[in-house]
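Please view the sequence and the model together while reading the points below.

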Amino acid sequence: MADRRIVVYIATSADGFIARKDGGIDWLDRPHPKGSYGMGEFFTSIDTILWGRRTFDEAVARGGVGGPGNFSAKTKNYVFTHTPPEKPVKGVEFVQEPVAAFASRLRAQPGKDIWIMGGGGVIASFLDAGEVDDFIIHVIPTFIGEGVPLIAPARRSVPLRLESSNAYEDGVVRLHYTARGVMSESRTTGRKRRRA
Amino acid sequence: MRDVTFGGANSVDNFVARPDGGVDWLLWGDEVAEVVASFWKTIDTVVMGRKTYEAARRQGQGGGYPGMTTYVFSRTLPQDEKGVTVVREDAGEFVRRLKQQDGSGICVMGGGELGRSLFEAGVIDRLGLNIHPVLLGAGIPLFHPMTRQIGLQLEECRRFANGCIYATYRVTY
């Protein structure tokens, strides 16, 4: 069986935000073209979702962890938090473990791929631990002006490899990059660069 | 009416340079050279902010661009900068008037601060991005926070052999 991949699958505004400052994602409410950018296939490729606490709480407030596709009870949800709630939440495990240890434990278990739902903090933690395999980014043709960036800011330099790109009739651009392992590869092959 | 184009080479997380201004991550290639050359043929005017102008001047590229009318927005630069026209008035109003004059396209050069003023003034018509396959995490942003939401219409999306994505949009406000 193929290794489980940890995938950031997300939409950003064209100016690079995943939500408004208050967490709002109203700007994502737009009609999807036929096929919904391949979302259906993606949802069947995963069985685990990783959430930041704020993203999780906002999803619950919006009416459930189900979210897009309304995941079956078989979907495992992990929420990263320093302060787990006192009462357990059905179908959800709260995680305080360091990301690297958690990721290798998860990868060692058999299963489908793992979806990092966001937000920017959890994405940054996994990225900086070298644990993001794929970024699948849907660039929405809208500037929202300000908001929560895709990845919590910190100086970094992560080379990506473009796997595919699709432009849809509604102007959404879907970019698929791989991240894990690209760093060492680009070091050995010495990609051609030029100062502009 | 003359089109005003904003854009440039950016990282996936929308930075145009590292925190120290470094652009060592930029990739070049025949395809981007061709795109830049054909875009350059559609314009006759360049507008930029003071910081971009001073950065270009430090690299020995002062005096504007040959064959182009170059405007630099600044309230502090002396009026007699060689080869460029220093503009003291509000950038949005100035560009709005410029668009009504005869001429070819207008290119907004450099960082996002001028871009923001011009987006907020509603005078930018096109956006052109050369999205590089890298995450920088911090640096000089292409887009500065804006108080308005702006609609875009995708015109073109091409994949370059070097892993960059060239995407152009029409700004619909």
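Two strands pair if DSSP finds at least two bridges between them; helices (H or I, at least four residues) and strands (E, at least two) are DSSP runs, numbered from the N terminus. This is a predicted model, in which local features need pLDDT of at least 70, side-chain atom pairs count only at pLDDT 80 or more, and totals for chains, interfaces and linings use all residues. Residues are numbered from 1 along each chain as its sequence is written, while chains are lettered from A and ligands numbered from 1 in the order in which they are written.

**Strands of chain A**

- A:Thr48 stands opposite A:Lys76, which belongs to strand 4 of chain A.
- Strand 3 (residues 46-52) of chain A pairs with strand 4 of chain A in the parallel sense, over five bridges.
- Strand 4 of chain A also runs parallel to strand 5 (residues 92-95) of chain A, and four bridges join them; A:Val79 has A:Phe94 in strand 5 as its bridge partner.
- Four of the five residues in strand 4 (residues 76-80) of chain A are buried; a residue is buried if 20 or more other C-beta atoms lie within 10 Å of its own, exposed if 12 or fewer, and partly exposed in between, with C-beta atoms placed from the backbone.

- A:Tyr9 lies in strand 1 (residues 6-13) of chain A, and it counts as buried because it has 21 C-beta neighbours inside 10 Å.
- Beyond its neighbours within four places in sequence, A:Tyr9 is in contact with A:Phe42, A:Trp115 and A:Ile136; two residues are in contact if their C-beta atoms, placed from the backbone, lie within 7 Å.
- A:Ile136 is 127 residues away from A:Tyr9 along the chain, yet their C-alpha atoms are separated by 4.7 Å.
- Not counting residues up to four places away in sequence, A:Ile116 touches A:Leu50 and A:Ile123, among others.

**Chain B**

- Chain B has four helices and 11 strands.
- Of its 173 residues, 43% count as buried.
- The C-alpha trace of chain B spans about 40 × 35 × 35 Å along its principal axes.
- Strand 3 (residues 43-49) and strand 6 (residues 105-109) of chain B pair in the parallel sense over five bridges, with B:Cys107 in strand 6 as the bridge partner of B:Val46.

**Where the chains meet**

- The contact takes 32 residues from chain A and 32 residues from chain B.
- Strand 10 of chain B gives the largest share of the side of chain B that touches chain A, namely seven residues.
- That side of chain B has 21 nonpolar, seven polar and four charged residues; Ala, Val, Leu, Ile, Met, Phe, Trp, Tyr, Cys and Pro count as nonpolar, Asp, Glu, Lys and Arg as charged, and the others, Gly among them, as polar.
- Strand 10 (residues 158-159) of chain A and strand 8 of chain B run antiparallel and are joined by two bridges; B:Val134 is the bridge partner of A:Pro159.
- An open sheet of nine strands, with mixed pairing, has the order 8(A)-10(B)-11(B)-7(B)-1(B)-6(B)-3(B)-4(B)-5(B).
- Strand 8 (142-143) of chain A and strand 5 (85-87) of chain B stand at the edges with a single partner strand each, so one side of each is left without a neighbour in the sheet.
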